[in-house]
Amino acid sequence: MQLFKIIKYPDKRLRKIAKPVKKINNKIKKIIQKMFLTMLYNQGIGLAATQIDINLKIIVIGNIEEKYKNIVLINPEIIEKRGRYSIEEGCLSIPHKKAFIKRYKYIKIKALDYNGKKIFIEGEKLLSVCIQHELDHLIGKLFIDYL
């Protein structure tokens with residue numbers, strides 16, 4: 001399976017706002033599988049569909065916490081957030097740049113999973129930051145915008 005090409009900053013396609021996924025079919029599932037392979041090959045921990053020029057609300061996240069492995073978030077939405085936390089962030093679309101960004105320490109997400117089932121995920125610290133970073137991609141925002 002060929003990997004996706006990750007769009008690099010300052011490409012204007014990174015500023016696109018993603019659209020909701022209307023139906024989870026085999027095409028969407030193949031995109032998700034290929035997103036995981038692309039993320040892992042590039043040594044990332046998260047990837048948003050907008051980073052590969054697919055204008056849909058899809059996020060994949062690798063094995064950050066024991067509780068959640070290979071997370072798929074389709075049409076994700078934050079439903080709870082609290083606290084502040086900051087770690088050094090990087091981005092596959094902005095190689096060789098890192099910065100400390102203040103984010104929420106805890107978030108709760110509502111989304112659909114790989115099979116279209118409604119899920120709720122609670123994330124703290126690194127998982128929370130990763131999800132927020134990828135959610136920003138879905139609205140055309142980059143971590144460097146916080147600087």
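Visitor: Which residues of α2 are buried?

Guide: Buried means under 20% relative accessible area, exposed means over 50%, and partly exposed lies in between, with a 1.4 Å probe and protein chains only. In α2, the buried residues are L127, S128, V129, C130, I131, Q132, H133, E134, L135, D136, H137 and L138. That makes 12 of its 14 residues, so to speak a mostly covered helix. Keep in mind that this is a predicted model: local features need pLDDT of at least 70, side-chain atom pairs count only at pLDDT 80 or more, and totals for chains, interfaces and linings use all residues. Residues are numbered from 1 along each chain as its sequence is written, and side-chain values use heavy atoms, with hydrogens and water left out.

Visitor: What pattern does the chain follow along the sequence?

Guide: Helices (H or I, at least four residues) and strands (E, at least two) are DSSP runs, numbered from the N terminus. Here the pattern reads α-β-β-β-β-β-β-β-α, with two helices and seven strands.

Visitor: And what does the radius of gyration of the chain say?

Guide: The radius is taken over C-alpha atoms, and the globule rule is 2.2 Å times the number of residues to the power 0.38. The chain has a radius of gyration of 14 Å, close to the 15 Å the rule gives for 147 residues, so it is as compact as a globular protein of that length. Along the principal axes, its C-alpha atoms fill a box of roughly 40 × 35 × 25 Å. Of the 147 residues, 44% count as buried.

Visitor: Let's take one residue. Where is I71 found, and is it buried or exposed?

Guide: I71 is found in strand β3 (residues 71-82). This residue is buried, with a relative accessible area of 5%.

Visitor: Which residues is I71 in contact with?

Guide: Contact means heavy atoms within 4.5 Å. Leaving aside neighbours within four places in sequence, I71 is in contact with F36, I59, V60, I61, I121 and L127. L127 is also one of the buried residues of α2. For the whole chain, take contacts between residues at least 6 apart in sequence: 65% of them join residues at least 24 apart.
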